[in-house]
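Please find below a colleague's note on the model shown here. It is set out as numbered points.

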Amino acid sequence: MKLLVTGATGKLGTKIVEHLLTKIAAEDLIVSVRDPKKAADLAARGVEVRHGDFDKPDTLQEAFAGVDRLLIISTDGEEATRIRQHTAAVRAAEAAGVDLIAYTSIANAEASQNFLARTHQVTEQLIRETGIPFLFFRNNWYLENEQSTIEAVQAGQDWLTSAGNGKVGWALQEDYAEAIATVLVDPKPEQSIYELSGPLHTQQEIAEALGQVRGRPVQVKQVDSATYTAIMQQAGVPEFLLPMLQAIQEGIAAGTLAVESQDFEQILGRPPVSLEDGLRQLVQR
């Protein structure tokens, strides 16, 4: 079975590839990347590296040729760009005749009101319409997304949030990557949709866990949405990022990431790394 991973030099893609290489032979793995030079280390390990650029659709069908299972890792950027890129990838996968399309989506994608959800709703529907068997990995929230807040706390700031008591299923990217790789190599996955969510926690609880890791309490500063954005602006966050950061907080407050699931345990045979242990890893970086 030939398995291809797009975005293999990105943060999540790199981790997925490393887990795959513990499960399958290098010659059975292909990666599709915008800049093959950045994957030279993988080529040296026997992985086939192909040029595939989501902004150049003509490169994708060739990149996906002869592939049995394709993992499309969702791209970064604003909504219209992501939808255009994902559409190109799905169309190329269909034209190349892949046997299965896997895709990294968002928690509770079909019904989610999260500001990021529409990209994933459109992409999932495009994949369904091909009639090709699929795997949707509906990822909740990476603990690494909180790195800047953790660093602010380390610098003496409070844990700033406008998310109220909204809950999040945080987990480390490493756990997401291991779970995705495990399902990808399974000859007959038990499900076509996996909700990958860690145990649900509030902002207060993540701050308390960080306090345990640091050995001193972390104060939580709860503010309204406008105040949150103003404080982030004063802290020097670029203007173009402010609406996204505000939307993230509003989405958490609205419960869009409060998705409970046991799929991590089902796949890995263990729960994801605990919030406290995950934070300990991030603090030590």
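The points below go from the whole chain to single elements and one residue.

1. This is a predicted model, in which local features need pLDDT of at least 70 and side-chain atom pairs count only at pLDDT 80 or more, whereas totals for chains, interfaces and linings use all residues. Residues are numbered from 1 along each chain as its sequence is written, and side-chain values use heavy atoms, with hydrogens and water left out.

2. The protein chain has 12 helices and 11 strands (DSSP runs numbered from the N terminus: H or I of at least four residues for helices, E of at least two for strands). Its C-alpha atoms fill a box of roughly 55 × 35 × 35 Å along the principal axes.

3. Of the 285 residues in the protein chain, 51% are buried (under 20% relative accessible area, with a 1.4 Å probe and protein chains only). Among contacts (heavy atoms within 4.5 Å) with a separation of 6 or more, 75% join residues 24 or more positions apart.

4. Helix H1 (residues 11-20) has 7 of its 10 residues buried, so the rest of the structure largely encloses it. The buried residues of H1 include Leu12, Ile16, Val17 and Leu20, and also Lys15 and His19.

5. In helix H7, 9 of 12 residues are buried, among them Gln173, Asp175, Tyr176 and Leu184.

6. Gln249 lies in helix H10 (residues 242-253) and is buried, with a relative accessible area of 7%. Apart from neighbours within four places in sequence, Gln249 contacts Thr161, Ser162, Ala163 and Tyr228.

Technical notes:
Buried < 20%, exposed > 50% of the residue type's maximum accessible area, 1.4 Å probe, protein only.
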